[in-house]
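Visitor: I have a protein model to look at. Please take me through it with a few questions.

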Amino acid sequence: MPHPEALPGSRSKTSPVLYRNGSVYTAADPFATAMLVDGDTVAWVGSEQAASSIQDSSMEVIDLRGALVAPGFVDSHMHLTETGIALDSLALQDLRSAKDLLAAVAVAPGDGPVLGHGWDDTTWADATLPSAEELERAAGGRPVYLSRVDVHSALVSTSLAASAGLRGLDGFDGGARVRGAAHAAARQATRRLPAEVLRRHQDRALAEAAANGYVAVAEIGAPHIGGAEDLRVADSWNSNGDTPAPEVLPYWGELATSEEHARSILDQLGVSVRGLAGDLNIDGSVGSRTAALRSGYSDAPDESGSLYLSVEEAAAHLAACSLAGIQGGFHVIGDAGLDAALQALELAAAEVGEQRIRAAGHRFEHVEMVDAAAVATLARYSVTVSAQPAFDAAWGGPGGLYEKRLGERSRAMNPFASLYSAGVPVCFGSDSPVTPLRPWSSVRACLEHHNEDERISARAAFLGHTRAGWRAARYHNPMAGQLVPGAPASFAVWEVEELMVQVADGRVQSWSTDPRARTPLLPALDTGSDPVCLQTVRDGLELHANPALRS
């Protein structure tokens with residue numbers, strides 16, 4: 001990432017920056033074509049005529065040439081180190097057999113552990129997995145760790161299984177595939193890295209985020225993912241002025257048993273976390289068949305997933321966090337997992353009071369299998385749902401992973417419209433590296449949900465990816481996520497083919513370019529390609545710039 005002294009709009013440079021001759025997504029003026037940034041703040045938005053009257057020689061002027069300026073994206077659920085490692089290791093998403101996978105391992109560069117991410121056996125014609133011995137031979141004796149696309153199971157070689165001490169752990173049967181505790185141990189064995197290496201991986205992830213218009217990311221840390229040192233490195237980006245990056249909103253998924261215990265965890269971390277929430281797992285994932293279900297998987301009726309926390313443990317955690325005045329929450333995907341989380345909410349409310357539960361602003365991650373009763377309970381307790389629209393785009397719909405695993409139950413998954421209509425706070429993220437850092441693709445996934453009844457408009461989806469992300473993190477500045485005078489200068493500039501208003505209901509006209517609608521316009525997302533990010537700015541600091549912006 002570039003040094004701020006070389007950047008227009010940085011704190012080391014006093015000249016204001018005037019953007020003009022484009023489109024500005026702002027509630028202040030639906031016709032705005034220009035914006036003035038002064039230091040770390042949006043100073044003004046308005047028309048071309050007004051821009052001409054205020055422009056002077058002290059300003060840098062950027063001709064947008066029709067580009068869109070919009071609030072920067074917030075990824076409400078990602079893993080920095082895991083994303084950096086995935087970007088620089090074996091990409092297994094496009095492989096279609098065990099033979100392909102072994103061939104990729106055999107030619108992996110380097111001489112350390114062979115790391116890879118993204119294999120998905122549900123897309124293989126023959127779902128037979130390679131053995132641990134085959135992985136060992138293909139790697140020439142190097143330890144092998146290959147995470148499944150959902151990162152809730154992995155394939156490991158015999159040498160890694162031995163060095164990580166997997167024998168006897170839950171989720172290890174002697175074969176290559178590991179889940180549960182065995183998977184956590186295998187991953188950690190390949191993640192014991194010096195701080196400078198962690199930082200290098202995180203820098204790679206943050207650069208990728210900035211290049212795709214993100215101004216903030218929620219780092220979802222947990223003991224079983226990267227450990228406390230990994231979280232401390234992630235948090236350190238916020239205080240490193242020499243390397244501007246998206247703001248990191250840290251979460252820590254560790255179980256608290258009492259208010260005192262919660263405060264002790266926070267003190268020992270040495271990081272100002274947003275909450276003891278995120279990937280504190282109540283259950284696992286659908287792809288690995290570890291999400292806890294009320295009844296068995298359609299393609300494995302004898303399996304119904306796993307509950308990693310009891311209702312009583314989850315209730316004690318929510319009560320502890322509520323008393324400590326911090327956010328609590330869980331990773332929860334299956335319907336039985338959500339049943340446990342909601343029962344925990346009720347027990348915690350009985351102990352500390354409903355108002356205290358609501359005031360804490362708890363959040364549940366994923367929440368994919370939700371019925372009407374669950375939606376009502378989430379709304380009652382003001383629990384934020386941090387969801388991943390790209391999951392539906394990747395695995396929803398006829399013949400997709402969810403239908404294979406869950407049958408007819410898959411149709412009701414990720415019910416965004418139902419959550420919105422009930423008043424449940426919703427924010428969106430990628431769970432990177434599970435799905436890529438591609439925010440407009442995620443917005444499109446909301447518009448094109450496989451269940452037409454659960455689609456939401458582009459505007460609602462965009463707000464869920466921007467302003468709602470700040471609100472879900474209980475951010476100190478209520479103006480974050482919008483471009484109005486006095487708001488933080490955190491935004492992205494996009495090269496777009498066309499701007500329009502897009503709604504989710506296919507029975508009515510789905511778009512308009514008529515400015516009389518007085519609705520800020522967003523990029524057309526039915527063009528077959530995503531908008532191109534020309535610039536990303538956080539608090540006046542340029543994080544990413546495409547040479548085309550000033551050419």
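Guide: A term to begin with: pLDDT is the predictor's confidence in each residue, from 0 to 100. This is a predicted model, where local features need pLDDT of at least 70 and side-chain atom pairs count only at pLDDT 80 or more, while totals for chains, interfaces and linings use all residues. Residues are numbered from 1 along each chain as its sequence is written, and side-chain values use heavy atoms, with hydrogens and water left out.

Visitor: What pLDDT does the protein average?

Guide: At least 70 is the score of 95% of the residues. Over residues 1-12, however, the pLDDT is below 50. The protein average is a pLDDT of 93.

Visitor: How are α2 and α7 placed relative to each other?

Guide: Axes are lines fitted to C-alpha atoms, for helices over the stretch in contact (heavy atoms within 4.5 Å), and angles run from 0 to 180 degrees between N-to-C directions. The axes of α2 (residues 80-88) and α7 (residues 195-211) come within 7 Å and cross at roughly 85 degrees. Angles under 35 degrees count as roughly parallel, over 145 as roughly antiparallel, 65 to 115 as roughly perpendicular and the rest as oblique. Therefore α2 and α7 are roughly perpendicular.

How values were computed. Helices (H or I, at least four residues) and strands (E, at least two) are DSSP runs, numbered from the N terminus.
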